[in-house]
Structure formats: structure tokens, C-alpha cells
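Student: I'd like to talk through this model with you. Could you put it up?

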Amino acid sequence: MTDLILRAENLDRSFGGIHAVNDVSLEIPRGTLHAIIGPNGSGKTTLFNLITGHTHPSSGRVEFDGQDITGMAYAKVARKGLAKSYQITTVFPLLTVFENVRIAAQAAAHSYVFWRPADGIKAVTRATEEVLERIGLAADRDVIASNLSHGDQRRLDLAIALATSPRLLLLDEPTAGMSPTETAATVELVRELNRDVTILMIEHKMDVIFDIATTITVLHQGKKLFEGAPAEVKSHPLVQEVYLTGSL
Amino acid sequence: MDQLISQLVLGLVSGALLVLLALGLNLIFGLLEFINFSHGALYMVGAYIASYLAVATGTLWLALLVVPVVMAALGAALERTVIRPMYGREQVDALLLTFGLTYILIEGVRMIAGSGGRRVAAPEILAFQVDLGVGRPVPAYLLFVVVVVGLVVGGLWLFLQRTNVGLIVRAGIRDHEMIRALGVRFDRYRTLVFAIGIAVAGIAGVLTGPITGVYPEMGADILILAFVVVVVGGMGSFWGAVVAGLLIGVLVSITTLYASIYAGIVPFVLMILVMTFRPRGLLGAT
């Protein structure tokens, strides 16, 4: 049996009369990069929220690293090591880049007493600097977040998620609104991050994930339409019909 | 002229005490998202505890150390028990709860200490006058109050700007959903901030004793002014509260000298002007 970081079983969620997510199951082995694609309204974001605990499923269960987290509050899920980067830019606009990332690093250093000993503080600072270095924002550490370019704000968002030392990183369209150059850099960054953290990402642009995903799940109208390796997805007639020709 | 200088000093002192209350209100409103109506009553409780401690120990010094700790503990206990269930409900619920708390505290103090009020002696070591070079000599205790307030304000600022906890408090004021999503145990920060706000109100209570004495309604009088300070300075603005507190203290004091019947309305006229022409307050974020 493979070592799963996440197992979602028969997730179901309706809003009003709309079946946003309909009987979706996912199995994500540790270390992989799993992508979810689908046209707008196919339930991608709802599925994400069901996993993070921002929304609770009507039925089904979510297991993270062997532990049942169904119905658990999102703050608690986050503490267990499941980080989410957001589709919208949700950095703290009036704090510096460094402070933004530091908050997340502090949250990760949990078990905290309010007045941590000095070397604990140093460790958090070091972790913050490492993340900034890795994401390529080290030079901008003292810039107020709202003054960053859109692309850099998205990178900061990624840096925040990474600084929580997640065991599973959820990325919601990390390249949305980016120029082709920024997109290429971000894809490269995601590939690099995947070397030591499992990633589950939603993506709208097909070309972005074909190169980097281990497995792709195609959602359509809340249901799992197909799942497989990128090459299989690309050539699958149903996927082409629904996704490639339908929406793009 | 001599009188003007004296009134100015008095105005600065009462303004400084207002600043302490306004900063606590502001922080609590920012992070806990409700208006703590019991802030004045807790300030009064701090002042009473200090008045008894001063009698028991023969000096106010111990009270200055003990009262903030006791008030922080009381604040934390209140937050954990009666205030916590109010989160996520209509804001008016927390307002009503703290309004009720105010009356319980005031009546409680009346039952224990009587309605009459108590006098509190300033520390003996400060029982002298200081010649400022202009105007009449000023009681050293008043200058001491300004210095203590300055230290508390500076300490709060450093706490917010330089510590790990302060960073999360600042970010939480901005967006506590995000803070939670990162896995921060936000509840603890709420407790901490409430405790700090109440401790600071307690310090203001201790300092007030030797100036006006302590009496059960002392909190109600100053609370309204503290609200005005928060609005004039700008909701959520740290330095706005400091500037507005000193400004209102001095304005009231000077008006008392020249047109005392208007002194009571000056803060409210200022508030109306600010709300009309600068709705976010003097230093509020735009």
C-alpha cells in the first residue's frame, strides 16, 4: 500500500440546490504533485475548502496523514500541517514582506509559550529568511507587501504558506493573473518546492500543469470525470470534449 | 499666565490618563471587535484596589506593581468566561454584556467600600513641588504621572512593533481569518490583548487616585471621554489615540479656565467636527 498524505472518500457538498461536489474521492501519495483541473464552476475550489476545513462536507470523510480531519476547524487543520495558498492575494498589506512570512513561521513553531526563549526567536527568524531566499523575495524583505507587484504578492502568498512548514501544500491557481514570464517562474518554483513537500494544486491553465503534475484529476460539474497521468488526461477523448474544447 | 501654565499641566495629566484608557479600548476593539463598555468600571476597580493597597502598605508603590498584574488576571478571567461566548454573535451582545458588567462592578464596589469615595495619598517621596521655570511650581506627582504614562505608551508600542506576539496582534487586527488559517491559536491572543487593555486601565486607575480620589462613578465619567478620544484619534490608530487624548485633556483644561461652563461640551464639539470633516479621525488609516 502506498504512503498516503491525504485520502478523501466520497466527498459530497451541496449549496442550496446545487451539488457543488458530488461523490469525489482522492488519494494523494506523499511527495507527489497532484493537480485538479476543470472548467469554472466544476467544484475545484469547494473541493479544496472541504479538504482544508473551511467548508464541511455533507457526507464523506477526509483523512490527513492517517488521521480523520472531517469536520475539524480549519485553524486546527492548519496546525496539523496542511497549508493553503489562496486564489486571491491575502497577504497582510500593511506589514513588510519579512513580517508577513514571519507570522506564518511563528505559527509553525507552535507549542509556543508567549515569551519564547531567545534562540527560539532566532530559529523563527532563520526559518523566515530561508523561505524568503527560496521563494526569491529576500531582496524585498523590508518592502511593505501592498507595494509589491501582483506577481510578487502571489509569491509572497506562496512564501507564507511554505513558512508554516506544511506536509501538504494546497495551491489555488498559483499563476492566476500572471504574465507568461511570471507564470514560467512560478511553475519552476512549484516544481522546486515539490522536491520536499507534497502539493495539491488547482489550475485553470492546462499547459501549466502538464509538465509538472504527477497525477491530474479532471472535475466536471462537481464530479470526477477522469484521473490519470498528464499524458493520459491529454489524450482522453472525454476530457478533450469537456475541457479542452468546451471551456478554453 | 501662571494659571494658564498650571491648567496646561493639569490638562496634559488628565489627557495622559485618557490616553491609557483609549489605547486599551482601541486595542480591544481592534482585535476582539467589540466596544468594551466595562473599561471605565475596570479602571475604577483598579483604582479602588490601589487605594486599599496604599493604606495597607503605607505607600502607592506596591499598588503600581500589583494592580496591573491583578487587573490583567481579572481581564483574562472575564474574557475566558463571560466575553468569549459573545464572539461570532451580534456586536450589540458584547456591548450589552459589558454594560451589565459595569453596573455589577459599580454596585459591587458600593457594597464593599460604600458610595462615598476614598482619598489616596501620593507617595511621600513625590510630595514636593517642581519649578518648571515658567508659571507656578507643579506638584512632582503630576509630572510622575506623565512619565509613567509615557513609559507605558512606549512599552505598548514596542510590544506591538517589536515582539512576535505584537506582530500577530497587528496582523490579527487587520485580518483574523487569515491569522487563523495559518494555524495561529487566535483565542490566546484575544485573551492576552484583553488582559493587557485592562491592566493598562488599572495603571490609569492607580495613577488617578492621588489626583481626584477614588469613587464608584469615576469610570463612567472618563469612559465617555475615552470613547471620544478613540473616535477623534481614529479607530485603530495608536498614535491617534495618544494625540487625541492629550489634545482633549488640554482643550478641556484650558476651556475650564476661560469659559468653564463650556468645558463639558468641548470634546463632543471636537468629535462632531472630526466626524464631519475627517471621518476616519485625526490619524486614522485612509
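Student: What radius of gyration does chain A have, against what a compact globule of 248 residues would have?
Tutor: The model is a predicted one, where local features need pLDDT of at least 70, side-chain atom pairs count only at pLDDT 80 or more, and totals for chains, interfaces and linings use all residues. Residues are numbered from 1 along each chain as its sequence is written, with chains lettered from A and ligands numbered from 1 in the order in which they are written. The globule rule is 2.2 Å times the number of residues to the power 0.38, and the radius is taken over C-alpha atoms. For 248 residues that gives a value near 18 Å, which agrees with what chain A has: 18 Å.

Student: How many of the 14 residues of α5(A) are buried?
Tutor: Buried means 20 or more other C-beta atoms within 10 Å of a residue's own, with C-beta atoms placed from the backbone. In chain A as a whole, 45% of the 248 residues count as buried. In α5(A) the buried ones include A:Arg154, A:Leu158 and A:Leu162. The helix is largely enclosed by the rest of the structure, because the buried count is twelve of the 14.

Student: How far apart are the end C-alpha atoms of helix α5 of chain A?
Tutor: The expected span is 1.5 Å times one less than the number of residues. For the 14 residues of this helix, 150-163, that should be 20 Å, which agrees with the distance between the end C-alpha atoms: 20 Å.

Student: Which element gives the largest share of the side of chain A that touches chain B?
Tutor: Two residues are in contact if their C-beta atoms, placed from the backbone, lie within 7 Å. On that basis, 20 residues of chain A meet 15 of chain B. The elements giving two or more residues to chain A's side are α2 (74-79) and α3 (97-108). The largest share, six residues, comes from α3(A).

Student: And inside chain A, which element gives the largest share of domain 1's side touching domain 2?
Tutor: An automatic or database assignment sets the bounds: domain 1 is 1-81 + 200-248, and domain 2 is 82-165. The contact takes seven residues from domain 1 and five from domain 2. On domain 1's side, the largest share is three residues, from α2(A).

Conventions
Helices (H or I, at least four residues) and strands (E, at least two) are DSSP runs, numbered from the N terminus.
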